[in-house]
Amino acid sequence: MPIQNHFAALQKTHLDTFFGLSRQIVDGVDELVRLNMQTTRSTMADTLDGALRALPPVEPREWFERQNARTTRASEKAQAYGRQLFEIVVTTQTECARTLREQWTAFGEETKALADNVANGAPTGTATAMGAFESAFAVANALVETFQASGARTLEIARGHLDTAAALAAAPSAEPTAAQAQAAKR
């Protein structure tokens with residue numbers, strides 16, 4: 001296969017990769033916009049509900065209980081939003097990484113075929129240079145695999161931290177706040 005055909009195939013591969021990644025990123029942004037719209041609607045509805053409930057005169061203790069309940073709900077919704085946001089980011093990142101991994105493999109195969117084609121037409125004595133090229137390519141492959149494993153481990157750690165933070169925030173506080181203690185005395 002002539003070298004021009006290899007370059008044309010590589011350019012097609014790069015364009016396919018670019019548009020594939022662009023589509024995945026746009027899909028992720030679309031999910032993020034939907035999540036933000038849903039969160040905004042929910043927050044506005046909760047704010048209106050809270051305002052309407054605060055209108056009738058109530059005892060201070062009851063008012064503090066309502067505020068505490070609203071704060072708890074808001075905290076739970078913020079945690080749910082964070083988890084959903086994290087899932088959107090992880091899904092988008094995973095799909096992009098999968099696409100890049102596939103393209104890297106295809107690029108490796110094309111580059112190897114190109115190198116073999118060049119080596120077949122090269123003068124004698126270039127075996128050392130070709131060996132160096134293959135060695136460099138093997139090192140690049142190992143580096144890519146290391147980065148992929150590191151990225152996967154980072155995602156696992158981030159997910160663990162998010163779960164731990166959610167569990168800590170969801171745990172009820174045993175100590176009442178100063179405002180709650182004062183309201184209870186009245």
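Select Gln24 and Thr99 to start: their side chains are joined by a polar contact of 2.8 Å. A polar contact here is a pair of N or O atoms within 3.5 Å; within protein, one must be able to donate a hydrogen and the other to accept it, and residues adjacent in sequence count only if both atoms are side-chain atoms. The model is predicted: local features need pLDDT of at least 70, side-chain atom pairs count only at pLDDT 80 or more, and totals for chains, interfaces and linings use all residues. Residues are numbered from 1 along each chain as its sequence is written, and side-chain values use heavy atoms, with hydrogens and water left out.

**Around Gln24**

Stay on Gln24, which lies in helix H1 (residues 3-54). Helices (H or I, at least four residues) and strands (E, at least two) are DSSP runs, numbered from the N terminus. Is Gln24 buried or exposed? Gln24 has 4% relative accessibility and therefore counts as buried; the classes are buried under 20% relative accessible area, exposed over 50% and partly exposed in between (1.4 Å probe, protein chains only). Now show its contacts, meaning heavy atoms within 4.5 Å. With neighbours within four places in sequence left aside, Gln24 touches Thr92, Glu95, Cys96, Arg98 and Thr99.

**Along helix H1**

Next select Ile25, Val29, Val33 and Met37, which make a nonpolar surface patch of about 340 Å². Patches consist of residues with over 30% relative accessible area and no salt bridge; like charges are joined within 9 Å, nonpolar side chains (Val, Leu, Ile, Met, Phe, Trp, Tyr) within 5 Å. Accessible areas come from the Shrake-Rupley method with a 1.4 Å probe, and for residues only the protein chains shown count as cover. Val29, one of the patch residues, is in helix H1 and is partly exposed at 46% relative accessible area.

The whole structure has 8 salt bridges, each a side-chain nitrogen of Lys or Arg within 4 Å of a carboxyl oxygen of Asp or Glu. Arg98 forms a salt bridge with Glu102, with the closest N and O atoms 3.1 Å apart. The two are 4 residues apart in helix H2, so about one helical turn separates Arg98 from Glu102. Arg98 is partly exposed at 37%, and Glu102 is partly exposed at 43%.

Then select Arg61 and Glu65, a salt bridge with the closest N and O atoms 3.3 Å apart. They sit 4 residues apart in helix H2 (residues 60-121), about one helical turn. Arg66 and Glu62 also meet in a salt bridge, at 2.7 Å from N to O. Arg66 has a relative accessible area of 27% and Glu62 has 33%.

**Aromatic pairs**

Rings of Phe, Tyr and Trp (its six-membered ring) pair if their centres lie within 6.5 Å; planes under 30 degrees apart count as stacked, over 60 as edge-to-face and the rest as tilted. The count is 2 aromatic pairs. Select Phe18 and Phe19: the pair is edge-to-face, 5.1 Å centre to centre with 75 degrees between the planes. Trp63 and Phe64 have ring centres 5.1 Å apart and planes at 80 degrees, so this pair is edge-to-face.

**Zoom out**

Display the whole protein, with 4 helices and 0 strands. Of its 186 residues, 13% count as buried. Among contacts between residues at least 6 apart in sequence, 86% join residues at least 24 apart.
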